[in-house]
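Keep the sequence and the model side by side as you read.

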Amino acid sequence: MIPIKTESAWRGTSDCRNCGIRDMVLFADLNEQDFGMIHAPIDDLEFAAGEALYSEGSRAQGIYTLRRGMIKLVRVTTDGRQRIVRVLRPGDVAGLEALGGGHFDCDAVALSGIAVCRIPLEVIHTLGASSPRLHLRLMQKWQAALRDADDWLADLNFGTARQRVSNFILKMRSPTDDRTVTLFARDDMGAMLDLKLETVSREVSRLVREAVIEPLDKQGRVYRLHEPQRLLQAA
């Protein structure tokens, strides 16, 4: 298990009815009758970059809807290497696997400052059994998670370094502006793509030199995508 910080800032009880991304989250389709069956508090939490929501194998008390920021799901290989198996973005649910087994399958660590809602398992089980709206939404989230996992495996772990980095940049485009791309630390990218840090840095620098992408901040996290067609061809 990797050493990770586990602190968070509790901001009170979430107001699910007035959520700013209500159409994207797990409770998007609930009606007033459904909300009336929620008898446990849903916590509004914030985590700083590098802090952990939970660790692999730990017993789950709830699952997490991501409202802001990004989360990496990490597993450690038998030889001690970290492998990032997926990245979650706003609207995604972390810890869905706990609904079946009661434990988490990965470490979940904040890649940036994040805001999440922690929903107790008892709330999900109660609503899932009585609300067809939540049941359908859960199935949709499961399907999306499986599809995303398959896409990550197929697109980011095979091919040349150029193909992997190109595919990764395409996947990290903003859902509201497909010309804006948010990346993160090169070692994290290497852990996702099964590439060395130096290889990832070299490929990103090459794309900047070729004016395919343009950095918008000094940290090298946010980029403007100028020629998506060239990335698609490389991928």
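The paragraphs below take these parts in turn.

This is a predicted model, in which local features need pLDDT of at least 70, side-chain atom pairs count only at pLDDT 80 or more, and totals for chains, interfaces and linings use all residues. Residues are numbered from 1 along each chain as its sequence is written, and side-chain values use heavy atoms, with hydrogens and water left out.

Start at strand 8, residues 107-110. Helices (H or I, at least four residues) and strands (E, at least two) are DSSP runs, numbered from the N terminus. Both faces of strand 8 are covered. Asp107 and Val109 are buried on one side, Ala108 and Ala110 on the other. Buried means under 20% relative accessible area, with a 1.4 Å probe and protein chains only.

Strand 8 pairs with strand 3 (residues 52-54) in the antiparallel sense, over two bridges. Two strands pair if DSSP finds at least two bridges between them. Ala108 is the bridge partner of Tyr54. Strand 5 also runs antiparallel to strand 8, joined by four bridges. Here Ile71 stands opposite Ala110.

Now turn to the open space. A pocket is an open set of points on a 1 Å grid over the protein atoms alone, where a 1.4 Å probe fits, with protein on both sides within 12 Å along at least five of seven lines; lining residues have an atom within 4 Å of a point. The largest pocket holds about 620 Å³, a volume being the space filled by probe spheres set on the points. Its lining has 26 residues, and Val87, Leu88, Arg89, Asp92 and Asp148 lie nearest the centre. Strand 6 (82-88), helix 4 and strand 10 (180-182) each give two or more residues. Helix 4 gives the most, with seven. The lining divides into 12 nonpolar, five polar and nine charged residues.

The second largest pocket holds about 480 Å³. Of its 22 lining residues, Leu73, Val85, Arg86, Cys106 and Ala149 are the closest to the centre. Helix 4 again gives the most, here six residues. This lining has 15 nonpolar, two polar and five charged residues.

Finish where helix 4 (132-156) ends. Asn157 lies in the loop between helix 4 and helix 5 (161-171). The side chain of Asn157 makes a polar contact with that of Arg83, at 2.4 Å. Not counting residues up to four places away in sequence, Asn157 touches Arg83, Trp152, Arg164, Met192, Leu193 and Asp194, where contact means heavy atoms within 4.5 Å.

Methods. Polar contact = N/O pair within 3.5 Å; in protein donor to acceptor, adjacent residues only side chain to side chain. Nonpolar A, V, L, I, M, F, W, Y, C, P; charged D, E, K, R; others polar. Buried < 20%, exposed > 50% of the residue type's maximum accessible area, 1.4 Å probe, protein only.
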